[in-house]
Amino acid sequence: MLFWLNHVGLTTLHLVEPNALAWGLFLELLVLSFLLTGRFRHTLRQNAKLRIRQLRQRNDMGARLIAAQEEEREHLARELHDALGPNLMALHMAWQGQAIRDALAAFPEAAAAARQTELLLRHLRDEVRTLSHALLPAEPGLGGLSDSIAHLGELLNLYGHPTVRTYCDAQLDTIPQNLQMSAYRIAAELLNNAVRHARASEVNVQLLRHPTSLEVLVEDNGKGFESSTAGNGIGLRGVRARADYLGGQVHIESSSTGTSIMVWLPC
C-alpha cells in the first residue's frame with residue numbers, strides 16, 4: 001500500500017528511512033493520545049467523587065429526616081400518654097360516677113346510649129394507650145427491641161381479638177440502636193395494619209436474626225388485599241421508605257386467606 005501511494009505521489013513515507021515529518025506526526029499523535037487518556041481518567045475520577053459526595057449528602061439528609069421524625073414521634077407519644085390519656089381516664093371514671101348512674105336510672109330509655117358512650121370512652125382510652133406505646137418503644141437499657149415487641153403484643157391482646165403472637169430471636173438487643181428502632185417502627189406499623197384492617201383472628205410477628213441481616217415477618221389469616229394496591233397506604237409507604245433508606249427489601253404476599261409481609265434489613 002505504501003509502495004503504490006508513494007508511486008502515485010500521494011505520500012513520501014518509507015518504512016526503512018521515514019522522514020522527519022512522519023516522525024513528527026507520529027509523536028504528536030502519541031502525545032495527544034496520552035493527554036486525552038489522562039483527561040478522560042481525570043474526568044472519571046471527578047465524576048466518581050461527585051457521585052460519592054451526592055450519596056453522602058443524601059444519606060446525611062435521610063439521617064436528619066429520620067432523627068426529626070423520631071423526635072416528633074417521641075413528643076407525640078408523650079403528649080398522648082401524659083395529657084390525653086389521663087383526661088380520657090378521668091372522663092371515663094366521671095361517666096361511671098354515682099350522679100350519672102342516678103340520672104340514667106331515672107331515664108331508662110337513655111341506658112342504651114349511655115352504654116354505647118361508655119364503650120366508646122373505654123375504646124378511646126385503650127386506643128390512646130396503644131398508640132403511645134407503638135410510637136414510643138422501650139428505652140435503651142430497659143428491655144430493648146425484644147421486650148418492646150413482646151410488650152406491644154401483650155398490649156394489643158388486651159382487646160381479645162385478634163390474637164397476637166410474637167417471637168424474637170436471641171441477641172436482637174445487641175444490634176445497633178438505630179437498627180433496633182427502625183425494626184420496631186416497621187414491626188409496629190405492620191402489626192397495627194394487620195390488627196386494624198385485615199379482619200384476622202390471628203397475627204404472628206417474628207423478628208429473626210441472621211448472620212448479616214435482620215428479618216421482620218408479620219403474617220395474618222385475614223381477608224388479604226389486591227396486589228395492585230400493595231404499598232398504597234401511608235403505613236406501607238413508610239415501611240418501604242425506611243427499608244429503602246437502610247438498604248433493605250420488602251416482600252408482600254397476600255391472598256383471600258391471609259397476608260405475609262417480610263422486611264429484610266442488612267446489619
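## Helices and strands

The protein in this predicted model has 7 helices and 5 strands. Starting at the N terminus, its elements follow the order α-α-α-α-α-β-α-β-β-α-β-β.

Of the 267 residues in the protein, 29% are buried.

## The largest nonpolar core

In soluble globular proteins, nonpolar side chains tend to be buried together. Here the largest nonpolar core contains 33 residues, and Leu145, Ile149, Leu190, Leu207 and Val263 have the most contacts inside it. At least two core residues come from each of these elements: the helices α5 (144–157), α6 (177–197) and α7 (234–245), and the strands β1 (163–168), β2 (202–209), β3 (213–220), β4 (249–255) and β5 (258–266). Helix α6 supplies the largest share, with 9 residues.

Apart from neighbours within four places in sequence, Ile149 is in contact with Thr166, Cys168, Tyr184, Ala187, Val205 and Leu207.

## How α5 meets α6

Next, have a look at the pair of helices α5 and α6. Their axes come within 10 Å and cross at roughly 15°. Angles under 35 degrees count as roughly parallel, and α5 and α6 are therefore roughly parallel to each other. Their crossing is right-handed.

On the α5 side, the residues that take part are Gly144, Leu145, Ser148, Ile149, Leu152 and Leu156, and they meet Gln180, Ala183, Tyr184, Ala187, Ala188, Leu191 and Val195 of α6. Sorted by class, this contact has 10 nonpolar residues, 3 polar ones and no charged ones.

Most residues other than glycine have a negative phi, and most peptide bonds are trans.

Gln171 is not a glycine, yet has a positive phi of about 70°. You will find Gln171 in the loop between β1 and α6. Its relative accessible area is 53%; exposed means over 50%, so Gln171 counts as exposed.

Arg199, also a residue other than glycine, has a positive phi near 55°. Arg199 sits in the loop between α6 and β2. With a relative accessible area of 71%, Arg199 is exposed as well.

Methods:
Residues are numbered from 1 along each chain as its sequence is written. This is a predicted model: local features need pLDDT of at least 70, side-chain atom pairs count only at pLDDT 80 or more; totals for chains, interfaces and linings use all residues. Side-chain values use heavy atoms; hydrogens and water are left out. A nonpolar core is a set of buried Ala, Val, Leu, Ile, Met, Phe, Trp, Tyr and Cys residues joined through side-chain atoms within 4.5 Å. Buried means under 20% relative accessible area, exposed over 50%, partly exposed in between (1.4 Å probe, protein chains only). Helices (H or I, at least four residues) and strands (E, at least two) are DSSP runs, numbered from the N terminus. Contact means heavy atoms within 4.5 Å. Axes are lines fitted to C-alpha atoms, for helices over the stretch in contact, and angles run from 0 to 180 degrees between N-to-C directions. Angles under 35 degrees count as roughly parallel, over 145 as roughly antiparallel, 65 to 115 as roughly perpendicular and the rest as oblique. A crossing is left-handed if the near helix is turned anticlockwise from the far one by less than a right angle, and right-handed if clockwise. Ala, Val, Leu, Ile, Met, Phe, Trp, Tyr, Cys and Pro count as nonpolar, Asp, Glu, Lys and Arg as charged, and the others, Gly among them, as polar.
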